[in-house]
Amino acid sequence: MESFVKKFGSQEKAYNAVQNAANQALKAGKLTPNAKGILPSGDMGNIINVGGMNVRLIGGRVENGQVILSSFSRKGL
Amino acid sequence: MEKLNKLEMSILERLATKYPNIKLHIPFLKVESREITGVGMYVNFSYCKPIEETLDFETDNTSISTNETIEIEGLKYGLGYEVDVTDGRIKFIELVTYGEDWNGDIPDNFFFT
């Protein structure tokens, strides 16, 4: 994740970038929440594009049309 | 180093129904540390002895989960998790909440949904 954080300048900015990208992916119908609004983890985690870099969401929850992030990773991407 | 607790063992045993080779690794695992993040936890493992048989995935470096929710008292939405596999070995479990603060306490009466 070092290069990812470096791209955005700080951990906070990187987190916000992922948050924004996740919300956009949700609006575009690219995320797969279950019936309870929970997003998948592991190798089924949704992969989103954040500023040209792929990021895999680890869990997360959809509420009122927004994604509440749990965690994310760039492992293997 | 510590033994795996009931939840950690349950996670790995449930994953083993999908990835049977995990069962071979469980007896060799010890908990190196548990890092509470405030919204989750990292359980870091080490192997007490070398194991020849690595976990057989398409790649030696991946993250796996059964995508179940762990229901525990005190968390409205429960916990999610994934297990990190690096170089064919189990490196850590990441436990995450779904937007709730968590102090890392795990009661014995959890269940998977």
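User: What makes S3(B) stand out in the lining of the second largest pocket?

Analyst: In this predicted model, S3(B) gives the most to that lining, with 3 residues. The second largest pocket has a volume of about 290 Å³, and of the 16 residues that line it, A:Asp43, B:Thr59, B:Asn61, B:Thr62 and B:Ser63 are the closest to its centre. By class, its lining has 5 nonpolar, 7 polar and 4 charged residues.

User: Why is the pair A:Lys75 and B:Asp84 called a salt bridge?

Analyst: The rule asks for a side-chain nitrogen of Lys or Arg within 4 Å of a carboxyl oxygen of Asp or Glu. The closest N and O atoms of A:Lys75 and B:Asp84 are 2.9 Å apart, which is within that cut-off, and therefore the pair is counted as a salt bridge. Across the interface of chain B and chain A the rule finds 2 salt bridges.

User: How do you know that chain B and chain A touch, and what polar contacts are found across their interface?

Analyst: Contact requires heavy atoms within 4.5 Å, and with that criterion 21 residues of chain B are in contact with 17 residues of chain A. As for polar contacts, 13 residue pairs are found across the interface, both residues of each pair being at pLDDT 80 or more. On the side of chain B that touches chain A, strands S3 (62-64), S5 (79-86) and S6 (89-97) of chain B each supply at least two residues, and S5(B) gives the most, with 5 residues. The residues of this side divide into 8 nonpolar, 9 polar and 4 charged.

User: How much area do the two chains bury between them, and which residues of chain B lose the most?

Analyst: Chain B and chain A bury about 1,400 Å² between them, with 47% of it on carbon and sulfur atoms. In chain B, the residues that lose the most area to chain A are B:Asn67, B:Glu82 and B:Tyr98, which together account for 38% of what that side buries.

User: What makes B:Tyr42 and B:Glu94 lining residues of the largest pocket?

Analyst: A lining residue must have an atom within 4 Å of a pocket point.

Methods: Residues numbered from 1 in each chain as written. Chains lettered and ligands numbered in written order. Predicted model: local features only at pLDDT ≥ 70, side-chain atom pairs only at ≥ 80, totals over all residues. Heavy atoms only, no water. Buried area = accessible area lost by both parts, 1.4 Å probe. Polar contact = N/O pair within 3.5 Å; in protein donor to acceptor, adjacent residues only side chain to side chain. Helix = DSSP H or I, 4+ residues; strand = E, 2+ residues; numbered from the N terminus. Nonpolar A, V, L, I, M, F, W, Y, C, P; charged D, E, K, R; others polar. 1 Å grid on protein atoms, 1.4 Å probe; cavity = no way out; pocket = protein on both sides within 12 Å on 5 of 7 lines; lining within 4 Å. Points joined across faces, edges and corners; volume = space filled by probe spheres on them.
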